[in-house]
Amino acid sequence: MKEFFRRRIIQPILNLLKQGMSPQKLAATVAVGTVVGVIPAFGVTTILGTAIAARFRLNIAATVLVSYLMQPLQILLALPFIKLGIYWFGLEELQLTFSEMTAMFKNDWLDALNQLWLANLAGISAWALLAVPSGVVLYFITLPILKKVLPAPVVVSAGVSAEG
C-alpha cells in the first residue's frame, strides 16, 4: 500500500514539480485544481479543469491531477454546498437522508427529481460564488510555500558580442 501511494500519488506530483513550472503557475494550477475539484457536480471536474487550465495556460495534467486528488473532499463537501445554496437562495429545506429521499420518490418521483435538481443547482451556485475568492486565497497561501520548495530558476544571460 505504501509503495502504491508513493508510485501513484507522490511520484506524479514530484514529477510535475520538476517540470520547470514557475511557482506562480504552479500555485495557480493548485488553486484551480483544488477549487474545481470540489464542485458539487460529479463528472464535470475534468472538463471544467481542462477548460480553465487551457484558458489560463496552466499545466492541464497537473490541474486535472489536483482536481482528482480533491475527490474525497468533493464528496464530503457536496451536502454542505447544497445546504448552503438552499439557505442562500431561500429554497424549501430538503431532507437528504436515505429514508426521506426514498419516501419522496415513492410519493412523487417527478417532484422528487425536480427538488433534487434545484437543490443540486443551488449547491453548484453556492460553490460558484465561493470559487473565485477561495481560489485567490489558496493561490496566495500556496505561492510562498512553493517559492521556498521549488528550485530557483536558472537565468541564462545572453552574451553581447562587441564588433570590432
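Reply: A residue is called exposed when its relative accessible area is over 50%, buried when it is under 20%, and partly exposed in between (1.4 Å probe, protein chains only). The model is predicted, so local features need pLDDT of at least 70 and side-chain atom pairs pLDDT 80 or more, whereas totals for chains, interfaces and linings use all residues. Residues are numbered from 1 along each chain, and side-chain values use heavy atoms, without hydrogens or water.

Tryptophan 117 lies in H7 and, because its relative accessible area is 55%, counts as exposed. Trp117 also belongs to a nonpolar surface patch of about 930 Å² (residues with over 30% relative accessible area and no salt bridge, nonpolar side chains being joined within 5 Å; a salt bridge is a Lys or Arg side-chain nitrogen within 4 Å of an Asp or Glu carboxyl oxygen). Among the other members are Tyr87, Trp88, Leu118 and Leu130.

Helices H2 (23-37) and H3 (45-55) each supply at least two. This pocket has a volume of about 330 Å³. Its lining comprises 14 residues, and those closest to its centre are Val32, Ile52, Phe56, Ala131 and Val132. By class, the lining has 13 nonpolar, one polar and no charged residues. A pocket here is an open set of points on a 1 Å grid where a 1.4 Å probe fits, with protein on both sides within 12 Å along at least five of seven lines; lining residues have an atom within 4 Å of a point.

Methods: Patches are made of residues with over 30% relative accessible area and no salt bridge: like charges are joined within 9 Å, nonpolar side chains (Val, Leu, Ile, Met, Phe, Trp, Tyr) within 5 Å. Accessible areas come from the Shrake-Rupley method with a 1.4 Å probe; for residues, only the protein chains shown count as cover. Helices (H or I, at least four residues) and strands (E, at least two) are DSSP runs, numbered from the N terminus. Grid points are joined across faces, edges and corners, and a volume is the space filled by probe spheres set on the points. Ala, Val, Leu, Ile, Met, Phe, Trp, Tyr, Cys and Pro count as nonpolar, Asp, Glu, Lys and Arg as charged, and the others, Gly among them, as polar.
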